[in-house]
Amino acid sequence: MRFAPQHRIYVCFFLFAVSMGALLARMPDLQMALGVDKSELGLTLIGAAIGALISLTFASPIIARLGARTTAFITVLGSSALLASVPWATSAPLVFAILFFEGLLAGALEINLNVEIDRIEAQLGRGVMNRAHGFWSLGFFLTALAASAIRQAGVPMQLHLALTFTAVAIVGTIAIAGMRNAPARDTGEEVKAPLIALPTWGLLPLCGIGIAAFLVEGAGIDWSAIYMRDVFASEPFVGGLGLTLFTFFMAGARLFIDPQVDRFGAHAVASVLLVLAAIGVCAVWAAPHPYVALMGFALMGGGCSAVYPLAVSAAAQRTDRPAHINVAALGQMSFVVFFLAPPLLGFIAEHAGIRTAYLVCLPFIVYALVSIKSLAGRKADPSLPELPERSAT
């Protein structure tokens, strides 16, 4: 089957989200199977965060040697296989170990796909980074919807995850088999790469932008349903609309915003999105009615949608170090916040109220707005061969 190079990256992002979303949707079942409380479950899930952080720190040289296709095979299919094995684990420590190794693969996947899509952008001369991340959001959104019906039908967790892995393995093999390494940009790729990816002073503003985006995303995905239940005593259907609207608007914005970035520039688009996210946070904080809160969650989802992908593009285009090093360093800071935001916001919600917990996002959004000049406009690399447009057939 013939795919345009960017379409293969889209599929990889989508399949990774499908695998992760399937397990996250079965968290209540996993908790019951392991016989742990919420605190113990949270500590168990940190295994993935630790693995991802280690991978984002040390995996860049390995990825550079393996190449895009081999890395994609290992990370996309391997992470899905490990996630599918979680329901068969009989203890929390074993789940922690499985998720640790899954995190190692997830961190490498993040570096590999983001660097490849940036190089493809350079060949195309137009933006596709946000659309690639949009397929991650779309996969997560569709999986969450499907999982509700699957759980309602009483499908066992083991069968659900096994079928998910089977689908991912088939589609992933087809999509990844024809992947080829995109040529590297000339700007900075020849700089000798350090063995460990750590943020530099010049990268810190981009890290701040990524942290703001992931904090808003964590607040919307992890706490929207609990917010609706605790603040408004909403029925399950209405309470679940917060997450549905958040992920819907996030996916929609990512899928269709790239032409706007090409037309108006990263600075303008990111500024508008961050302002929308701030309005959404304030609406959730002060909402007098459930529907005002739901509007706030929709604005939060759309507002944080393209901010992190734009930061990734800017990091990949920096000339001080190779792209995979800067992307890994940005991912370290951002993913730490993504994994630590739920317990942090939960602690604040427990002691100051869940409305107040959402206000924590505002200072980070303000910092991101101040740092907006660090975002780079997309640059086509004239030294690279032009990539022909080709549709999947």
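Contact means heavy atoms within 4.5 Å. The model is predicted: local features need pLDDT of at least 70, side-chain atom pairs count only at pLDDT 80 or more, and totals for chains, interfaces and linings use all residues. Residues are numbered from 1 along each chain as its sequence is written, and side-chain values use heavy atoms, with hydrogens and water left out.

**Exercise 1. The whole chain**

Task: describe the make-up, burial and surface of the protein.

Solution. 
- Start with the elements. There are 17 helices and zero strands. Both are DSSP runs, numbered from the N terminus: helices are H or I with at least four residues, strands are E with at least two.
- Next, burial. Of the 393 residues, 55% count as buried. Buried means under 20% relative accessible area, exposed over 50%, and partly exposed in between (1.4 Å probe, protein chains only).
- Then the contacts. Among those between residues at least 6 apart in sequence, 87% join residues at least 24 apart.
- Finish with the surface. The protein exposes about 16400 Å², and carbon and sulfur atoms supply 70% of that area.

**Exercise 2. Helix α12**

Solution. 
- The expected span is 1.5 Å times one less than the number of residues.
- Helix α12 covers residues 266–286, which is 21 residues. Its first and last C-alpha atoms lie 30 Å apart, close to the 30 Å expected.
- Its buried residues include A266, V269, A270, L273, L274 and A277. Further along α12, A278, G280, V281, A283 and V284 are buried too.
- An α-helix has 3.6 residues a turn, so residues three or four places apart point the same way.
- The cover over the buried residues of α12 includes α9 (204–232), α11 (258–264), α13 (290–304), α14 (307–317), α16 (354–359) and α17 (361–370).

**Exercise 3. Two residues**

Task: is C304 buried or exposed, and which residues does C304 touch?

Solution. 
- C304 sits in helix α13. Its relative accessibility is 2%, so C304 counts as buried.
- Leaving out residues up to four places away in sequence, C304 touches A213, V216, E217, F246, M250 and A277.
- Take A213. It is 91 residues from C304 in sequence, yet 5.0 Å away in space, C-alpha to C-alpha.
- Now turn to L24, in helix α1. L24 has 39% relative accessibility and therefore counts as partly exposed.
- L24 and A147 are 123 residues apart in sequence and 9.5 Å apart in space, C-alpha to C-alpha.

**Exercise 4. The cavity**

Task: which residues line the largest cavity?

Solution. 
- On a 1 Å grid over the protein atoms alone, a cavity is a set of points where a 1.4 Å probe fits but cannot get out; lining residues have an atom within 4 Å of a point.
- The lining consists of P5, I9, E116, I120, M179 and R180. Helices α1 (5–25) and α6 (92–124) each give two or more residues to this lining.

Methods: Accessible areas come from the Shrake-Rupley method with a 1.4 Å probe; for residues, only the protein chains shown count as cover. On a 1 Å grid over the protein atoms alone, a cavity is a set of points where a 1.4 Å probe fits but cannot get out, and a pocket is an open set with protein on both sides within 12 Å along at least five of seven lines; lining residues have an atom within 4 Å of a point.
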